[in-house]
Amino acid sequence: MSEKNYLPTSWYNIMADLPELPPPALHPLTHEPLTAADMAGLFPMGCIEQEVSTERYIPIPEEVREIYSLWRPTPLRRAHRLEKALGTPAQIYYKYEGISPVGSHKPNTAVAQAYYNKREGITRLTTETGAGQWGSALAMAGAFMGIGVKVYMVRASYDLKPGRRLMMQAFGATCTPSPSNETESGRAVLAQDPDSPGSLGIAISEAVEVALQDPKAKYSLGSVLNHVLIHQSVIGEEALRQMEDAGAYPDVVIGCIGGGSNFSGIAFPFLGERLRDGKKTRFVAVEPSACPKVTKGKYTYDYGDTAQLTPMMKMHTLGHTFVPPAIHAGGLRYHGMAPLVSLGNQLGLIEARAYQQLGCFDAAMQFIHTEGIIPAPETSHAIRAVIDEALDAKEKEEERVILFNFSGHGFLDLTSYQAYLNGELTNYEYPVKLVEEALSHLPKI
Ligand SMILES: *Cc1c(COP(=O)(O)O)cnc(C)c1O
């Protein structure tokens, strides 16, 4: 099969195969089910239609597919040397999304979203970014589509990761640390805590506020929403064909979860096969112990942002006011989880695990020393779970096929590795008190 043929012509939509649909998103003020008109201030119709679609396959526009082909299909690799080092009978496969121009899976949806916005005459996009991967992906997509991009970057990462900010600027985007003085939402947070490290919830409020004020601007979200998960399915759709050519089928599929998009991207096409064909594949979503929304949060309606500007979604959440400890995996510091991943967990289709960051960096080192690629701190959470699965298979003397999403490389996260190598990296216990406090602010539905 030629490389080109691995790149699918359609995205996959899990909503066609789930035994039930997630409860509707609710309007932040009226608490009524959200209508397309409510969403139109923030998102282009192309994305709104996908948000509620139950079509199994959605064609990828040719212009998007052409841009994808700059780096897609991404390689499916087998980690032979890691398997050998672990002495495991398990087979470990990974999809290397780090090969994209900005080094992560994020452009899969950034390019699609910029395309639909351009098609509808939008000239400016606002967004938030945690570690900077999403901001750089949208900055690149904006450059391709001729759309201006304004990014609010979580302060903790802005200070720690100047490389990401420079990358956004190289693509022509503007990047501001959040909380900022530019918005009402930002000023409200700074009034309470002038040294706030920021959070994705706060940065989203700033970006949404700015988009709502400009009719030629819309807001773009890098994870969580159904249309984002649909765009990321390109990863799993490729992997289905590539695994078939490798002569293997995964017993377990693993990914890290910030908002749930890279995990869903690799997992949902395989989950669809389980739901349709009775396959027995397990799905493991990995989160940081410092921000454990699925393993410790509540499954309930909550806002997507701190200032309560976004619709409410039924999801696993630690509370929209929760500000997670400043762990190095900035992309996993989000209080909520994609409604579709949350529902999958509720239905017993998706397991969740939480890990401390030190163990994740240990796993990253093992991967670096055997396979040679430096993973993003986010990705190291998936690798921790992969190694644990492989060691479990060894103990049980079981053959096991493991597939994971290598969501991004860590070439611009080397300061995190510096902290680890200097022995300065610490674990953060699950912040019980902070979460209790944040959960007390959940909306009453
Ligand atoms: C953003 C990001 C994540 C977390 O976001 P998801 O939407 O859960 O995928 C994980 N890994 C990398 C490399 C990222 O950039």
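Analyst: Let us begin with the lining of the second largest pocket, which comprises five nonpolar, four polar and one charged residue. Here Ala, Val, Leu, Ile, Met, Phe, Trp, Tyr, Cys and Pro count as nonpolar, Asp, Glu, Lys and Arg as charged, and the others, Gly among them, as polar. This is a predicted model, in which local features need pLDDT of at least 70 and side-chain atom pairs pLDDT 80 or more, whereas totals for chains, interfaces and linings use all residues. Residues are numbered from 1 along each chain as its sequence is written, and side-chain values use heavy atoms, with hydrogens and water left out.

User: Which residues line the second largest pocket?

Analyst: The general idea is that rolling a probe the size of a water molecule over the atoms shows where empty space is left. On a 1 Å grid over the protein atoms alone, a pocket is an open set of points with protein on both sides within 12 Å along at least five of seven lines, a cavity is a set where a 1.4 Å probe fits but cannot get out, and lining residues have an atom within 4 Å of a point. In this case the lining consists of Ala188, Val189, Gln192, Asp193, Ser196, Pro197, Ile202, Thr306, Thr321 and Val323. Helix α10 (residues 184-192) supplies the largest share of that lining, three residues. The second largest pocket holds about 260 Å³ of space.

User: What volume does the largest pocket have?

Analyst: The volume of the largest pocket is about 490 Å³. It is lined by 26 residues, and Ala25, Leu34, Glu51, Asn226 and Met313 are the closest to its centre. Two or more residues of the lining come from each of α11 (200-212) and β12 (312-317). By class, 20 of the lining residues are nonpolar, four are polar and two are charged.

User: How many cavities does the structure hold?

Analyst: There are three cavities of 30 Å³ or more. The most, three residues, come from α13. The lining of the largest cavity divides into twelve nonpolar, 17 polar and three charged residues.

User: Where does the ligand sit?

Analyst: The ligand sits in the largest cavity; the test is that more than half of its atoms lie within 2 Å of the grid points. The ligand has 17 residues around it, of which Lys106, Ser223, Gly258, Ser261 and Asn262 come nearest. A residue is near a molecule if one of its heavy atoms lies within 4 Å of it. This shell has three nonpolar, twelve polar and two charged residues.

User: Which atoms of Gly259, Gly260 and Asn262 lie by an oxygen atom of the ligand?

Analyst: A polar contact is a pair of N or O atoms within 3.5 Å. A backbone N or O atom of Gly259 is 3.0 Å from a ligand oxygen, and one of Gly260 is 2.8 Å from a ligand oxygen. For Asn262, a polar side-chain atom lies 2.7 Å from an oxygen of the ligand. Taken alone, the ligand exposes 380 Å², of which the protein buries 97%; such areas come from the Shrake-Rupley method with a 1.4 Å probe.

User: Which peptide bonds are cis?

Analyst: The bond from Arg72 to Pro73 is cis, with omega near 0°, and so is that from Ser178 to Pro179, with omega near 5°. Pro73 is found in the loop between α4 (62-68) and β3 (76-78), while Pro179 lies in the loop between β7 (174-178) and α10. Helices (H or I, at least four residues) and strands (E, at least two) are DSSP runs numbered from the N terminus.

User: What phi does Val224 have?

Analyst: Val224 has a positive phi of about 70°, although it is not a glycine. Val224 is in the loop between β8 (217-219) and α12 (226-246).

Conventions
A polar contact is a pair of N or O atoms within 3.5 Å; within protein, one must be able to donate a hydrogen and the other to accept it, and residues adjacent in sequence count only if both atoms are side-chain atoms. Grid points are joined across faces, edges and corners, and a volume is the space filled by probe spheres set on the points.
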